[in-house]
Amino acid sequence: MALIELQAVEKAYTLGGETVRAAKGINLTIEQGEFVVILGPSGSGKTTLLNLLGGLEKPDTGKILVDGQDIAALGETKLSDYRRTNVGLIFQFFNLFPTLSALENVNFAAELVGKQARKPVEMLEAVGLGSRLNHYPGQLSGGQQQRVAIARALVKNPKLILADEPTGSLDYKTGIDVLKTMRDFNTSTGQTCIIVTHNATIAGMADRVIHVGDGQVHNSVINPTPKLVEELEW
Ligand SMILES: Nc1ncnc2c1ncn2[C@@H]1O[C@H](COP(=O)(O)OP(=O)(O)OP(=O)(O)O)[C@@H](O)[C@H]1O
Ligand SMILES: [Mg+2]
């Protein structure tokens with residue numbers, strides 16, 4: 001059984017009398033352990049898709065099966081349990097608590113999931129920040145802040161890591177660092193990672209690239225020989 005299966009997923013937003021169909025009958029399957037890049041231009045529905053997968057939003061119609069369970073059919077309490085225990089989110093602008101240190105930010109996420117959590121200090125060491133545990137976000141570089149955000153997502157030991165333009169506000173070298181951190185984790189833990197981006201270069205490192213446009217999946221291409229992050233040509 002696939003880890004994720006979307007069946008005929010529709011999502012529309014109405015604003016000021018105008019309706020936008022951000023997901024138009026999406027069908028999609030993602031296997032356990034895959035490193036997937038969802039690629040599409042601005043406005044194509046990538047964030048919408050990620051929000052649906054993460055249980056942050058509900059589809060208007062259709063099914064979103066995760067491990068066989070339809071999260072679109074869950075009530076608010078169960079959906080919030082799903083988000084807390086199954087999903088690790090990474091955003092373009094990190095979203096760390098500015099008044100908590102790196103370690104406190106990661107601890108906070110660990111406490112949300114109790115026994116399921118990995119060890120916060122080990123997670124920060126694994127992303128190369130063992131010497132920055134007590135730094136506050138404002139005392140860290142952009143790439144370091146994003147690596148704290150990755151540690152915060154991974155410490156929950158979630159089924160699914162979802163990242164929305166994780167390198168969008170980083171320079172080239174720092175972006176490479178962040179992508180490498182994500183790929184290393186995917187390789188060592190077998191955790192499923194989904195990155196949405198408009199940056200076609202990132203697609204080279206994926207096991208599979210899903211091209212989206214105008215709320216639809218255009219195609220899904222398996223990459224038989226994903227590139228190492230260092231080999232991506234920018
Ligand atoms: N909360 C909302 N209310 C109204 N319209 C929305 C809302 N969220 C998204 N949309 C519309 O849905 C479409 C898809 O938006 P989405 O944010 O998913 O695109 P995206 O591919 O992530 O774009 P970007 O690369 O710029 O982040 C857009 O046309 C957008 O204007
Ligand atoms: Mg977006």
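In which handedness of crossing does α3 pass α5? The crossing is right-handed. That's one detail of a predicted model whose protein chain holds 6 helices and 10 strands. With a radius of gyration of 17 Å, close to the 17 Å that the globule rule gives for 234 residues, the chain is as compact as a globular protein of that length.

**The chain as a whole**

- Of the 234 residues, 50% count as buried.
- Take the contacts between residues at least 6 apart in sequence: 71% of them join residues at least 24 apart.

**How α3 sits against α5**

- Two packed helices are described by the angle between their axes and the distance between the axes.
- For helix α3 (residues 102-113) and helix α5 (residues 142-154), the angle is about 25 degrees and the axes are 8 Å apart.
- Angles under 35 degrees count as roughly parallel, so α3 and α5 are roughly parallel to each other.
- On the α3 side, the contact is made by A102, N105, V106 and A109, while α5 brings in V148, A151 and R152.
- Sort the residues of this contact by type and you find 5 nonpolar, 1 polar and 1 charged.

**How α5 sits against α6**

- Helix α5 also has a pairing with helix α6 (residues 172-189): their axes come within 9 Å and cross at roughly 15 degrees.
- That angle makes α5 roughly parallel to α6.
- Here, too, the crossing is right-handed, with α5 passing α6.
- From α5, the residues making the contact are G143, Q146, R147, I150 and L154.
- From α6, they are T174, D177, V178, T181, M182 and F185.
- The residues of the contact between α5 and α6 split into 5 nonpolar, 4 polar and 2 charged.

**N86, a buried residue in α2**

- You'll find N86 in helix α2, which covers residues 76-86.
- Its relative accessible area is 15%, and since buried means under 20%, N86 counts as buried.
- Which residues does N86 touch, leaving aside its neighbours within four places in sequence? They are D81, P158, K159 and L160.

- Most residues other than glycine have a negative phi.
- Look for D67 in the loop between β4 (61-66) and β5 (69-70).
- D67 is partly exposed, at a relative accessible area of 37%.
- N157 is another residue other than glycine with a positive phi, near 55 degrees.
- Where is N157 placed? It belongs to the loop between α5 and β7 (160-164).
- With 33% relative accessibility, N157 counts as partly exposed.

Technical notes:
Residues numbered from 1 in each chain as written. Chains lettered and ligands numbered in written order. Predicted model: local features only at pLDDT ≥ 70, side-chain atom pairs only at ≥ 80, totals over all residues. Heavy atoms only, no water. Axes fitted to C-alpha atoms, helices over the stretch in contact; angles between N-to-C directions. Helix = DSSP H or I, 4+ residues; strand = E, 2+ residues; numbered from the N terminus. Parallel < 35°, antiparallel > 145°, perpendicular 65-115°, else oblique. Left-handed = near helix turned anticlockwise from the far one by under 90°. Contact = heavy atoms within 4.5 Å. Nonpolar A, V, L, I, M, F, W, Y, C, P; charged D, E, K, R; others polar. Rg over C-alpha atoms; globule rule 2.2 N^0.38 Å. Buried < 20%, exposed > 50% of the residue type's maximum accessible area, 1.4 Å probe, protein only.
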